[in-house]
Amino acid sequence: MTTTLIRNAELIATFDDAERELRDASLLIRDDRIVAIGSAQEVAAALEAPADEVIDARGHVLLPGLVNTHHHFYQTLTRNLPAGQNAALFDWLVTHYPIWARLDPESLFASSQVAAAELLLSGCTTAADHTYLWPNGARIDDQIAAVSELGLRFHASRGSMSVGESQGGLPPDSVVESEQAILDDTQRAIERYHDAAERAMTRIVVAPCSPFSVSRELMVNSAELARHYGVHLHTHLAETRDEEAYCRERFGCTPVEYAEQVGWVGSDVWFAHMVHPHADEIVRLGGHCCGAAHCPSSNMRLGSGIAPVMAMHQAGMRVGLGVDGSASNDGSHLLAEARQAMLLGRLQGDPNEFSARRMLWFATRGGAAVLGRDDIGQLAVGKAADIIGFRLDSLALAGGALHDPLASLVFCQPPTVDLSIVNGVRRVENGVLLGHDLETMVARHNASASRLVSG
């Protein structure tokens, strides 16, 4: 067994059940879990021998690794496309679909690594990705291989689209799959990669893209498959008013009513965006303990609206944060997303409700709950050793960390993480991603992006 002692932290924000914030505190890791947290004396008492590694966290604030509940890794390849810069969702998708149809294993691998690197450097230690098109031999295996190299805890979605333009769907026929092929490959991915064990590094999610890109039958069959294997379900829902108009015309109901009809409610389901649910629908979804991934930057970027985050939270829904697609956010900085969530929420809600600590709770405990996990998102004995640290003497936090170190991470310009430990392994140290050449990674990624866009 390997032990790592992190000592002398100015502040440890645990986000445990008591929401303890410990001053001048230390923390002990054994292999992949936390075995002690508290004062230097309390942690020293748990040491049976000198620690194998010691990290001096003097002048740092430590907190649990952040949890990203919605992303599209491959979209790093199509950031900032001029044709999509000023488009709302449906037009934005139509602009991007032909380019994404050129994805291949190399571009999927390269984009997944860039997204994972960005997330790690922003303080994220667990991420759920939603890839829903697999052209030219690209497979979920490519993503899992790419992310495993960087050491990010990964919930990989085997997404899908089956209803193309010729059948009244939004995506072109060139990027949809047959429904039997989707179900067969989803089952293969679950059986090969899904790890239901505590502190698992890889889990599989069943994730049809949206109500306007798959059939009713696929929604029903996907839910049955997921529940047979005990894995979670994820899709986009109620993101735009256009989506509601589409669902009313095609299905005769709202997006949420449609989800209810096809069995997509329960504690094993979470939805991305949820910008436009009706008040009574929020109450019903809360009763089912459904989850929601709040993606404020993307919702603003595409002009989709402001999600009723507090109404969902108060109704009993599980709420976390997501950076969403890198082409509808143009970045993958999860700590920055917490800041956006706070600022955007205050436009429509009580500033006391949209506090820095509440947003960080959504980014940690909330996100863990959305993904169906209680082994991450908090610093407590027995939980996974996913720990991030920020220097408090940085330029970005000058004059802010002095007054409230934890809140400064959200109120001030969100910094890059200085320390990141995932599952007990150091992944970022002194702000540097360990074991990877970012310059080479970016060059490989940009070569794929150029190839895709140029055709």
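Is Arg-357 buried, partly exposed or exposed? Here are my notes on that and a few other spots.

1. A word on the model first. It is predicted, so local features need pLDDT of at least 70 and side-chain atom pairs count only at pLDDT 80 or more, while totals for chains, interfaces and linings use all residues. Residues are numbered from 1 along each chain as its sequence is written, and side-chain values use heavy atoms, with hydrogens and water left out.

2. Back to the opening question: Arg-357 is partly exposed, because its relative accessibility is 30%. (Buried is under 20% relative accessible area, exposed is over 50%, and partly exposed is in between, using a 1.4 Å probe and protein chains only.) Its side chain meets that of Asp-404 in a salt bridge, at 3.0 Å from N to O. This pair links distant parts of the chain, 47 residues apart: Arg-357 sits in helix α13, and Asp-404 in the loop between β16 and α14. (A salt bridge here is a side-chain nitrogen of Lys or Arg within 4 Å of a carboxyl oxygen of Asp or Glu; helices are DSSP runs of H or I, at least four residues, and strands are runs of E, at least two, numbered from the N terminus.)

3. Now look at helix α3, residues 105-121. 14 of its 17 residues are buried, so the rest of the structure largely encloses it. Glu-106, though, is partly exposed at 29%.

4. Glu-106 also has a partner: Arg-444, in a salt bridge of 2.8 Å, N to O. Arg-444 belongs to helix α15, 338 residues away from Glu-106.

5. The whole structure has 26 salt bridges.
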